Amino acid sequence: MTTSLNPAGMALWDDNPSAVDLLGFDTVVAAVEGALAVEGLDPLTIGIHAPWGGGKTSVLGMVEERLKDHPGYVIVRTDPWEYDDHDDVRGTLIAEVLHELEKKFKADGQVKEKVKDLVERISWSRVAKAVTKGAISMTWSPGEIVEIVKAFKPKDRETPESMSGFRPAFAKFLEENLPQVKRVIVLVDDLDRCLPDAAMATLEAIKLFLSVPKMTFVLAADQEMVRDAIAASLDASGRSEIFANRYLEKIVQLPISLARLTADETSNYVALLLASGSSPNKEAYTSLVQHCRARRQAGQTPLLADLDRLAWRPDESLLKLADQIATGLSSDKASNPRHVKRFLNAFGVRTQIAKTHGLTIAPAVLAKLYLLEDRFLNEFEHLVSLSEAERRELLAEWEKWGRGETDDVPGKVSEETRDWAAVEPWLATEPLAQYLTLAASLTSLVAGANLTDEQAQLVADLSSPTETIRTDALGRIKVKALAEQRAVVVGLFGRVRKLDTIVDLVSSLVEMAKARPELADEIADGIRQSCWQRLEMASALELAESTVPVLSGLADLLETDETADPAAREAVRMARGQ
């Protein structure tokens, strides 16, 4: 992990699917492999379910690696979220399967010809969609109008222009032209990241056109998000949620849920990640991973035990640090492999910045402080604001309460921090002033640059066109620490260019300025710099009627600015009875 471009040896982990199984996913892969061998399950759709960051894509990669050399299997890897043509996701998925079969058997002329016929059906369907949506527009001559009418005339299912006959034609093609193929296995990733219509189109392609003997689909997705996408595509009608459940159950015959990490599993995972940066060579690290895998398969716990038999083992301090981090993380982060990696990356960067500034701080001490900053920002900001003597006094009381030596909760400390305070190392006697000053400045600088998942969701909800969603988000943001609120404000201004209308976003900013006067100037400056030319009548009215002076001052500027939208300027005049 150390390279010439990284002389400090800082350990970082990418956000890509893992090629090394550190979490025991091999048991899930074996279950998938076993299901494929059952002849009665044909066609078959398997669902790999887990929340975002739970390891779904890693499992798909392991399935692909395990099955790619099987002589009777054809593997197709696809990601509908990345399709260029979002208007015809269904057709694109079908075409990917067909082209992969054509590539696999390119020497067979009959296969190539049959694939061509099947792709032609998709092409006709695409032309029909394009004309209907106006994507193909021109002045038609009388002769051309006749041809268009012919093109849209309902086709017999046996003709090459008809998608209604695609499924039996595809089944016949697999049976007659590819007798050597036992299964075509389509690995579908990121279904839960698709827009509702795209997710629905993918499922329709599987259910209506590709679900024939020899076909198998492995869908990696957050099941709840896919259900929501199905319901949304049905316009959230009264029965849409019930239908979504039944629809998904009808398609997926074998659901497999990836287990959330337990505290011990998270500790093992953190230790193995940290060990990858400290091992002397790749062979030593591989031996450690294999040792843990063997113990997991034998049902032996803890995994990182009996290490003396190895040629190299991680230091005891590393194992203690891993346990400290795993214990200190919030439950939602500790149970999610991607969240764990992101925390370790942020912790690694923070460690390196401290070293660059000449600060000597034990990893365990820094970890405890960073866990406080990550989980309890209000308390962290309060700690930073105190003098050295006040800080030592608070930490002593805090950790005494955490250890159960007193029932008195220290001032400005929440009940939720007790577990954090109860864990070594004890900070009351540590020299923390320089680090806390540095950490506070970094928290301010990066607040808007790297939003947490929760902050990103707040940004999305605060700019939502649905009033109830915005109202709920405003309630959540108002109880956050100032640094988090500032990060969300920056995130909102970064979203301006992505929205067709910014009325709802501006409305949320106005409400935030009312609730937190400390942010009013920043919000006013942001509206002036990022939103000015796009302010509409509704936003102009809100500014004019605002009780926040700096925002009503913006309305004064808007009224006299000839470059602004005339309707917005008129709205200000109306609000003021002019």
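I took contact to mean heavy atoms within 4.5 Å. On that basis I looked up the range of the contacts: among those in the chain with a separation of 6 or more, residues 24 or more positions apart account for 72%.

The model is predicted, so I noted the terms: local features need pLDDT of at least 70, side-chain atom pairs count only at pLDDT 80 or more, and totals for chains, interfaces and linings use all residues. Residues are numbered from 1 along each chain as its sequence is written, and side-chain values use heavy atoms, with hydrogens and water left out.

**Entry: overall counts**

I found 27 helices and five strands in the chain. Helices (H or I, at least four residues) and strands (E, at least two) are DSSP runs, numbered from the N terminus. Of the 578 residues, 47% are buried. Buried means under 20% relative accessible area, exposed means over 50%, and partly exposed lies in between (1.4 Å probe, protein chains only).

**Entry: the sheet**

I traced an open sheet of five strands in the order β2-β3-β4-β1-β5, with parallel pairing. On average, neighbouring strands are turned by 15° against each other, direction ignored. Two strands pair if DSSP finds at least two bridges between them.

I then checked single pairs. Strand β1 (residues 44-49) runs parallel to β5 and is joined to it by four bridges. Within that pair, Ile 46 stands opposite Leu 254. Six bridges join β2 to β3, also a parallel pair, and Thr 78 has Val 188 in β3 as its bridge partner. Five of the six residues of β2 are buried, so β2 is largely enclosed by the rest of the structure.

**Entry: helices on the sheet**

Helix α1 (residues 26-36) lies across β1, β2, β3 (183-188), β4 (215-221) and β5, and runs at about 170° to β1. Helix α3 (residues 89-104) touches β2, β3 and β4, at about 140° to the direction of β2. For these angles, axes are lines fitted to C-alpha atoms, for helices over the stretch in contact, and angles run from 0 to 180 degrees between N-to-C directions.

I compared the length of α2 (residues 56-67) with expectation: its 12 residues should span 16 Å, and its end C-alpha atoms are 17 Å apart, which agrees. The expected span is 1.5 Å times one less than the number of residues. Its buried residues include Lys 56, Thr 57 and Ser 58. The buried residues of α2 pack against α1, β1, β2, β3 and β4.

**Entry: α22**

Helix α22 (residues 482-494) reaches 18 Å from its first C-alpha to its last, close to the 18 Å expected for 13 residues. I found 10 of the 13 residues buried, so α22 is largely enclosed by the rest of the structure. Glu 484 and Gln 485 are among the buried residues.

**Entry: α25 against α27**

Helices α25 (residues 537-545) and α27 (residues 566-575) pack at about 35°, their axes 8 Å apart. I list the contact residues as Met 537, Ala 540, Leu 541, Ala 544 and Glu 545 in α25, and Ala 567, Ala 568, Ala 571, Val 572, Met 574 and Ala 575 in α27. They divide into 10 nonpolar, no polar and one charged. Ala, Val, Leu, Ile, Met, Phe, Trp, Tyr, Cys and Pro count as nonpolar, Asp, Glu, Lys and Arg as charged, and the others, Gly among them, as polar.

**Entry: Trp 398**

Trp 398 lies in helix α17 (residues 388-402) and counts as buried at 0% relative accessibility. Leaving out residues up to four places away in sequence, I find Trp 398 touching Leu 372, Glu 379, Leu 383, Pro 410, Val 413, Thr 417, Trp 420 and Ala 421.

**Entry: backbone exceptions**

Most residues other than glycine have a negative phi, and most peptide bonds are trans. I noted a cis bond between Thr 301 and Pro 302, with omega about -5°, and another between Glu 424 and Pro 425, with omega about 5°. Pro 302 is in the loop between α11 and α12 (316-328); Pro 425 is in the loop between α18 (418-421) and α19 (433-446).

Lys 214 has a positive phi, near 85°, and is buried at 11% relative accessibility. Lys 412 also has a positive phi, about 60°, but is exposed, with a relative accessible area of 67%.
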